[in-house]
Amino acid sequence: MPWLRIFSGIVAIALAMGMILLGGWYFTIGFCVIVYLGQLELFQLVKAKGMVPATKSTMFVSQLLLITATISPTLADAVFPIAGTFICFYLLFQPKIATIADIGASILGLLYGGYLPGYWVRLRVGLTETSSLARDATVAATNLPGSEYWSNFSINLSHIPAGLSTTLLAFSCIWAADIGAYTFGKFFGRTRLSMISPKKTVEGAIFGLVSSIAVGIAGAWYLNWPCWQLSGTMFGVMIGVASLLGDLTESLMKRDAGVKDSGQLIPGHGGILDRTDSYVFTAPLVYYFVTLLLPLLPSSL
């Protein structure tokens, strides 16, 4: 692992932690930047295949989705189909007649690059404190520049807002899965996992999954989740599998476009998509896990 890769990885994690801890509009603005850069790379891959998506329109409505998710998370579900309809209508009036591939690429950009990542905003900023995960401290979504946040902040993770504690745990599971799979696979991997990504190994994938489960169980115990042994295991498995599939999905797109990396923005890591692919599919799963499934679990085994 080259030092440049390590250094840029540390910087990226530090920036992510800053976004998560500050929350509110800080988190949303940071995510808006990430989504914007990620969609630029995604549409570059799409254009390499000869498709002409509605790039600017899709990127614009995706930003609206993130802002809407901050103000009213449930309203984002209504904005998504309206945004898709707007994109399709826009493509009707282009000088060049749009193809099915153009429409499909545009909707993919909206879903993959805007709507699904928006669930992280819903989780961190909009998760209500009325569920079984409720904590005493609360953070307003419009909290700028942050004075109220820091007055309510507690080092004890079990007493901070559910949105913050769950986001920290989810990101930790993803980091554990990625680092575990990369490190173990690099030194002990022998069996190729998939032709889509030749460097990934079965051994690395298994160790990454185990790492995610270990962090999930530890986090569920610390946060006093109901039936923490089961909920932590389920949480770790869900994130470990979803992050791996997200990584393979992005690798499939790069392979089809004939490129090694989605970009060169992050030294030693490639582009934004190369570093955020594990987060796309995990976002809605984490959100609905803690809002729908977790409250249904018994308090203990």
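This is a predicted model. Start with helix α3, residues 55-71, and helix α4, residues 76-92: their axes come within 10 Å and cross at roughly 170°. Angles over 145 degrees count as roughly antiparallel, so α3 is roughly antiparallel to α4.

Which residues of α3 and α4 meet? From α3 there are Ser57, Thr58, Val61, Leu65, Thr68 and Ala69. Facing them in α4 are Ala76, Val79, Phe80, Ala83, Phe86, Ile87 and Tyr90. Sorted by class, that contact holds ten nonpolar residues and three polar ones, with no charged residues.

Next, the second pair. Helix α6 covers residues 118-126 and helix α8 covers residues 162-188. Their axes are 7 Å apart, and the packing angle is about 135°. That value makes α6 oblique to α8.

On the α6 side, the contact uses Trp120, Leu123 and Arg124. On the α8 side, it uses Gly163, Leu164, Thr166, Thr167, Ala170, Phe171 and Ile174. By class, the contact of α6 with α8 has six nonpolar, three polar and one charged residues.

Now confidence. The chain has a mean pLDDT of 85, and 87% of its residues reach 70 or more. Where is confidence lowest, and where is it highest? The lowest is in helix α7, residues 147-152, with a mean of 43. The highest is in helix α9, residues 202-222, at 96. Across residues 129-154 the pLDDT is below 50. That stretch still has 50 contacts in the model beyond near neighbours in sequence.

Methods. Residues are numbered from 1 along each chain as its sequence is written. This is a predicted model: local features need pLDDT of at least 70, side-chain atom pairs count only at pLDDT 80 or more; totals for chains, interfaces and linings use all residues. Side-chain values use heavy atoms; hydrogens and water are left out. pLDDT is the predictor's confidence in each residue, from 0 to 100. Helices (H or I, at least four residues) and strands (E, at least two) are DSSP runs, numbered from the N terminus. Contact means heavy atoms within 4.5 Å. Axes are lines fitted to C-alpha atoms, for helices over the stretch in contact, and angles run from 0 to 180 degrees between N-to-C directions. Angles under 35 degrees count as roughly parallel, over 145 as roughly antiparallel, 65 to 115 as roughly perpendicular and the rest as oblique. Ala, Val, Leu, Ile, Met, Phe, Trp, Tyr, Cys and Pro count as nonpolar, Asp, Glu, Lys and Arg as charged, and the others, Gly among them, as polar.
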